[in-house]
Amino acid sequence: MGEDSGTAAGGEPILRLIDATKAFGAVHALEGVSLELYGGEVHALVGENGAGKSTLVKILGGVHQPDSGMLVAADGSELVLTDPRDARDAGISIIYQEPTLFPDLTVAENVFIGRQPRRGRRIDHGAMRRQTRVLFERLGIGLDPDRVARGLSIAEQQIVEIAKALSFDARVVVMDEPTAALSAIEVARLFGIVESLRSHGAAVAFISHRLEEVFAICQRVTVLRDGRRVMSQPLEGLSASDLVRTMVGRDIAAREHVAREHGEAVLRVQGLTRAGIFEDISFDVRAGEIVALAGLVGAGRSEVARAAFGIDEYDSGRVSVGDRALRRASPRAAMDAGVAFVPEDRRQQGLVMDLSITDNIALASLRRLRRHGLLSAAVERRFASDWAGRLQVKYGRLANPATSLSGGNQQKVVLAKWLSREPAVLIVDEPTRGIDIATKSEVHRILAESASRGVAVLVISSELPEVLAVADRILVMREGRLQAELIRAEATEETIMAAATGQAHVLAPVLEEDAP
Amino acid sequence: MSEGRSAAAAPGAGETASPRRLVDFVLRLRTFGIIVVLAAFVLATALDQARFVDGGNIRFILTQTALYALVAVGEAMVIMTRNVDLSVGSIVGLSAYVSANQFGAHHAPIVVVFLVGLAVGLVCGIANGAITAIGRVPSLVVTLATLYIIRGVDTIVVGSGEVVASTEPNSFLNIPQATVIGIPVLALAVAVVVAVAAFYLNYFRSGRDLYAIGSDPAAARLAGIPIARRVFGAFVISGALAGVAGVIWASQYATINSTAANGLELQIVAAVVVGGVAIFGGSGSVVGAALGALLLQTINSALNTVGVSSLWTEAIAGFLLVVAITLDRAVQLRLSAALRRRRVRLGA
C-alpha cells in the first residue's frame, strides 16, 4: 500500500492509522486495521453492515480509543486522541451519519460551539454571525445563521457540520454515510462541496453503501470485512463487482434446505407507503414459507415490518392476514389476527428483563392460560417449561430472571413467547443479532420448524449468510423501495448486495429504478 | 413519486424561514406571555383593591421576589443543563439558621454572616455537583437525597432551639426595608445578579456550553464540551445563590427554626419553568426565571389582597406550571411536525 496513486496527493499521508485493534467485550470490531489518508484525495471506506466502519470513524474522531495501534500525523509524530476535542484540535472533522447539532442553539453557534470568536473574553456574536455567513456563501447555501437548528432538514444539518469543518480548517474530513438521507439534488450539492474540500488539499474519507457514489467521487478505496482490512488501493481499474465480491467474499456456509409445501398467501401487504420512509411496498408471505427482507441498514426494512404489525402509522396501503384487513396502527388487531412480532431490540422491546423466564414466556399467552379469570402459577410453569423445552432454551431455573440468560437464549425466550401463541404469521427483526454461531443455527432451525408447521414467516436480517440460510424467497429493499425479488435458487450474496447497493439493473426489478 | 421529485428541485434555503419565525414567535410569546399575565393580575387586583398598587405593597412584592429570583437564577442554570436541584429549599433553611446564629453566638458582623451563608451554600452545591457530575448519578435522585440530608443536618443543628429577632442586630433586620430612590435594595442587588448571570450565559463560552449540554448531551460529548465540569459548576452556583438567599431569608423572617424554607424548592422550580426555561434543558433565560418568580409572588400577593385563601395560591401556581409545560410540549410537537412535513416535501 506504500505506493502513491499519482493523484494530487504528495508522498506522505496526512493521517495514518496503523494496525488498530478495538474490541467491545468479546466482539472484535476492528482487528489490525491500517488506513492512510492522503491530502487532495477522497478515500472510500466500504464494507457490509458490521464490518467495523463506524468503529473506525469513532477512533478517528477521538470517541473511541484503540486497544492497540496508533495514529500518526503528517509530520510523523504520534497522535493520541483522548476525546473529540483532541481530534478537532488535530484538524480532524467527523460528519456523523446522525448529525450532532444542538437543536436549541442557533446555526452560527452550532458551527462555532466551544470555539466562538471572542473579543477579550466575551463572545463576539456579530463576528460569529458574519463568519458563519461567509462559510455558508462558500458552500453556496442561504441558511440564516440566526435561526435555531431545530427543524433543519438532514441535508441542511450536514451543511452546518461541513461549515463547522471548514471553520477550523480541517485537514481531514470524515463523512459517515452522508448521502443516506439526501435527495439526488442534495447529493449533487454535497459532491460539489467534497470536490472543493479535496481541491483545497484536505483528505476526505467517504463512507457510503452506494457504490456508484464511490466511483463518482473517490480516488482510493479501503474495504473492511469482519473488522479487517481486505483491500486498500487506488480505485482506478476496479469495477463495482470487484468491490462487491471483496465486501462479501467470505466462505459461504453450506446450506442445507428442506423443501416445504407453501400454502395460500397469509400475510398480504399492498402498496404500503409512509412518506419519506418507505414507498409502495407490496408482497405476500405464504403459509409454510420464509421470506427474508434484506437490504442495508436504513433501507426501511424494520419500518415496513413495524408498520405492517401496527406499531407505526402508515400513510396509504393495506395489510391483511388471510382475508381480513388489519386496522392500521393497532398491534392489538394484528395480534388478534394471529400475527406475532419479535422486535430487533430484545432487551428493550422483547423481554421484561427483571421478570422470570416463566413470566416472559407466558406473557403473551396470559389470556389463554386463564382459568375462570385467574392465573395459576402451576399452569404457567408447565406451559413455560413445555415451550422452553421445545426451543431448547438453556436455563438454570425457570424462576430466574431473564437477565440470567445468554443473549442467544434470551432470543429463544422471546421466540417462545410468541410461538406459544401459535401465530399464523411470525415477523422476526434481526433474529440473531449479537448471538454466537451455534445458537444462531438453532434459531434458524426454530424458524424452519415453524414454517414447516404452516406459519408464514417474515425475517428481517442484515446478515447475508443468514438470509441465504433460512429464506425461500428474498425481497431486497433499497432506500425505502422494494428493489428486487429473488427466489432461493438465484440468490447469492453478490446478487443481494448488488440489489441493495443499486447495482441491480440486470435483475428482475420490482419497481422501475428512477434515481439518476 | 413524480411529485416528490419535482418538489425536491426547490432550493432548501427558501423554506427555512417558516420554522424560524415559528420558534422566534413562540419564544417572544413566552416572555411576553408572562408580562401579559402579570399585567392582567396587577390590573384586575388594582381595580378591586387600589391599595394593591401603592408604593408599600409594590416594594413588599419586590422584596419577596428578590429572594425567590435569586434562588431561581441558580436553579435555572442547573435546569438548562437538563438537571434539577431539589435541595435549594433545604440549603436556604440551613444557611438561614447557621448564618443568623452567628450574631448571637459570635457577635459577628453582617458581612461575615453573609459569608457564612455563602459558605454553607457552596459546600452543599459542591456536594450536589460532585455526586451528579463525577459520580454520574441522576440529579433528580441526588438532590432529592440531599434535600433530606441537608434538612436532617439542619434539624440536628437547630435542635429544639431557634434564632429569635432579639439576637439579631436591627441593621440586619432592616435590610429588607432599605431602599434606593424608592426601590428596595434587595431587589436591585438581585437584579444585578440576574444581569450578570444573563451576561455570562450569553457571552461566555462556558455559559453557552450549559445550553448545549441541555440541548443534546450526546452531541455535547461529541463536540468535546467538558460536561462534568460545567454541570458541577452549575450546581455550585445554584448552591451558592441558595446560601446567600438563606441570609436574606433570615433578615426577612427574623425567627428561624428547623422548618425554615421547607418546600421552597418546588416553588422555585415552578418559577423557573413558568419563566420559560425548558424543563428538559437547552433553552430559556435567567431573566425569564426571575420574571417567573415575580409573577408567582405577584399572584400570591394579589390573591391575598382580594382576600382569597393562601391555599388557592398554590393551586394557581400549579395551574400555571401545567400551562407552561403544556405550552413547551405543544411547541416541540409543532416543530417536529413542521420538520416532518418539510422532509416529505424534499423527498426521501
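This is a predicted model: local features need pLDDT of at least 70, side-chain atom pairs count only at pLDDT 80 or more; totals for chains, interfaces and linings use all residues.
**Chain A as a whole**

Begin by selecting chain A, which holds 18 helices and 22 strands. Its radius of gyration is 25 Å, close to the 24 Å that the globule rule gives for 516 residues, so chain A is as compact as a globular protein of that length. Along the principal axes, the C-alpha atoms of chain A fill a box of roughly 80 × 50 × 45 Å.

**Two helices of chain A**

Two packed helices are described by the angle between their axes and the distance between the axes. Select residues 125-139 of chain A, which are helix α4, together with residues 154-167 of chain A, which are helix α5. These helices pack at an angle of about 110 degrees, and their axes are 10 Å apart. Angles of 65 to 115 degrees count as roughly perpendicular, which means that α4(A) is roughly perpendicular to α5(A). The crossing of α4(A) and α5(A) is right-handed.

Which residues of the two helices meet? On the side of α4(A) they are Gln131(A), Thr132(A), Leu135(A), Phe136(A), Arg138(A) and Leu139(A). On the side of α5(A) they are Ile159(A), Ile162(A), Ala163(A), Leu166(A) and Ser167(A). Sorted by class, the contact of α4(A) with α5(A) has seven nonpolar, three polar and one charged residues.

**A hairpin in chain A**

Next, select residues 220-225 of chain A, strand β11, and residues 228-234 of chain A, strand β12. The two strands run antiparallel and are joined by six bridges. Leu224(A) has Arg229(A) in β12(A) as its bridge partner. Together β11(A) and β12(A) form a hairpin with two residues between them. In the turn, Asp226(A) has a positive phi of about 50 degrees.

**The four-stranded sheet**

Move on to the open sheet of four strands in chain A, whose order is β14-β13-β16-β17 and whose pairing is antiparallel. Its edge strands are β14 (278-286) and β17 (324-325) of chain A, each pairing on one side only. Within the sheet, select β13 (residues 265-274) and β16 (residues 316-321) of chain A, which run antiparallel and are joined by five bridges. Here Val269(A) stands opposite Val319(A) in β16(A).

**The six-stranded sheet**

The following stop is an open sheet of six strands in chain A, in the order β18-β19-β20-β15-β21-β22, with mixed pairing. At its edges stand β18 (339-342) and β22 (481-487) of chain A; each has a single partner strand, so one side of each is left without a neighbour in the sheet. On average, neighbouring strands of this sheet are turned by 20 degrees against each other, direction ignored.

Select β15 (residues 290-295) and β20 (residues 456-460) of chain A: four bridges pair them in the parallel sense. Leu293(A) stands opposite Ile460(A) in β20(A). Then select residues 493-500 of chain A, helix α18, which lies across β15, β21 (473-478) and β22 of chain A. Helix α18 runs at about 30 degrees to β21(A).

**A helix pair in chain B**

Finally, turn to chain B and select helix α4 (residues 88-106) with helix α12 (residues 264-274). They pack at an angle of about 125 degrees, with axes 6 Å apart; α4(B) and α12(B) are therefore oblique to each other. Val88(B), Gly89(B) and Val92(B) in α4(B) meet Leu264(B), Glu265(B) and Ile268(B) in α12(B). By class, this contact of α4(B) with α12(B) has four nonpolar, one polar and one charged residues.

Note on methods:
Residues are numbered from 1 along each chain as its sequence is written. Chains are lettered from A and ligands numbered from 1 in the order in which they are written. Axes are lines fitted to C-alpha atoms, for helices over the stretch in contact, and angles run from 0 to 180 degrees between N-to-C directions. Angles under 35 degrees count as roughly parallel, over 145 as roughly antiparallel, 65 to 115 as roughly perpendicular and the rest as oblique. A crossing is left-handed if the near helix is turned anticlockwise from the far one by less than a right angle, and right-handed if clockwise. Two residues are in contact if their C-beta atoms, placed from the backbone, lie within 7 Å. Ala, Val, Leu, Ile, Met, Phe, Trp, Tyr, Cys and Pro count as nonpolar, Asp, Glu, Lys and Arg as charged, and the others, Gly among them, as polar. Two strands pair if DSSP finds at least two bridges between them. The radius of gyration is taken over C-alpha atoms; the globule rule is 2.2 Å times the number of residues to the power 0.38.
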